[in-house]
Amino acid sequence: VQLQASGGGLAQAGGSLRLSCAASRTIFRINYMGWYRQAPGDKREMVATITGGGSTNYADSVKGRFTISRDNSKNTVYLQMNGLKPEDANVYYCYANFGRSAYWGQGTLVTVSS
């Protein structure tokens with residue numbers, strides 16, 4: 001399974017970006033998918049996850065600003081990031097857990113200018 005992440009780039013503080021993660025197989029019966037971020041030398045941290053049933057979970061630092069969603073018809077999970085802050089700048093990774101197997105996508109860089 002391949003996960004293709006896209007949508008990173010440069011945004012101003014207070015601005016928005018939308019990340020996309022397209023899976024090479026159906027995500028209809030996904031256990032959960034999510035977005036994580038990791039700076040060099042730091043531990044990878046959960047940003048947001050969405051279960052197969054649609055339940056979502058967010059890191060406290062992004063609650064109210066970020067929204068995770070998915071489109072089963074496109075096998076894609078999105079992360080809408082609003083109200084970006086300089087501390088959101090990071091490499092974001094997509095993750096998919098199918099139960100017996102799990103996969104990481106390549107990172108996409110988000111840069112936020114103050």
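Tutor: A nonpolar core is a set of buried Ala, Val, Leu, Ile, Met, Phe, Trp, Tyr and Cys residues joined through side-chain atoms within 4.5 Å. The structure discussed here is a predicted model.

Student: How many residues are in the largest nonpolar core?

Tutor: In soluble globular proteins, nonpolar side chains tend to be buried together. Here, Met33, Trp35, Leu79, Met81 and Tyr92 have the most contacts inside the largest core. The number of residues in that core is 29.

Student: Which element gives the largest share of this core?

Tutor: Strands 1 (3–6), 3 (17–23), 4, 5 (45–51), 7, 8, 9 and 11 (108–113) each give two or more residues to the 29-residue core. The largest share is 4 residues, and these come from strand 3.

Student: Which cysteines does Met33 touch, not counting residues up to four places away in sequence?

Tutor: With those sequence neighbours left out, the contacts of Met33 include Leu3, Ile27, Ala48, Ile68, Val77 and Tyr95. Two cysteines are also among them: Cys21 and Cys94.

Student: What is the S to S distance in the disulfide?

Tutor: A disulfide is a covalent bond between the sulfur atoms of two cysteines. The structure holds 1 disulfide, which joins Cys21 to Cys94. Its S to S distance is 1.9 Å.

Student: Is the link of Cys21 and Cys94 left-handed or right-handed?

Tutor: Cys21 is in strand 3 and Cys94 in strand 9, 73 residues apart. The angle about the S-S bond is -80°. The link of Cys21 and Cys94 is therefore left-handed.

Student: Is Cys21 buried or exposed?

Tutor: Buried means under 20% relative accessible area. Cys21 has a relative accessible area of 0%, so Cys21 is buried.

Student: Which residues are linked with Arg37 in a network of salt bridges?

Tutor: Asp88 and Arg37 meet in a salt bridge at 3.2 Å, N to O. Asp88 lies in the loop between strand 8 (76–81) and strand 9 (90–97) and Arg37 in strand 4 (32–38), so the pair ties together parts that are 51 residues apart in sequence. Asp88 also forms a salt bridge with Arg65, with the closest N and O atoms 2.7 Å apart. The residues in the network with Arg37 are Glu45, Arg65 and Asp88.

Student: What is the relative accessible area of Asp88?

Tutor: Asp88 and Arg37 are both buried, and Arg65 counts as buried at 13%. For Asp88 the relative accessible area is 1%.

Student: Is Asp60 buried or exposed?

Tutor: Asp60 forms a salt bridge with Lys63, with the closest N and O atoms 3.1 Å apart. Lys63, at 49%, is partly exposed. Because its relative accessibility is 63%, and exposed means over 50%, Asp60 counts as exposed.

Student: Which residue has its backbone oxygen 2.7 Å from a polar atom of the side chain of Thr76?

Tutor: Thr76 is in strand 8 and counts as buried at 6% relative accessibility. Beyond four places in sequence, Thr76 touches residues including Ser20, Cys21 and Ile27. The backbone oxygen at 2.7 Å from its side chain belongs to Lys74.

How values were computed
Residues are numbered from 1 along each chain as its sequence is written. This is a predicted model: local features need pLDDT of at least 70, side-chain atom pairs count only at pLDDT 80 or more; totals for chains, interfaces and linings use all residues. Side-chain values use heavy atoms; hydrogens and water are left out. A salt bridge is a side-chain nitrogen of Lys or Arg within 4 Å of a carboxyl oxygen of Asp or Glu. Buried means under 20% relative accessible area, exposed over 50%, partly exposed in between (1.4 Å probe, protein chains only). Contact means heavy atoms within 4.5 Å. A disulfide is a pair of cysteine sulfur atoms within 2.5 Å. A polar contact is a pair of N or O atoms within 3.5 Å; within protein, one must be able to donate a hydrogen and the other to accept it, and residues adjacent in sequence count only if both atoms are side-chain atoms.
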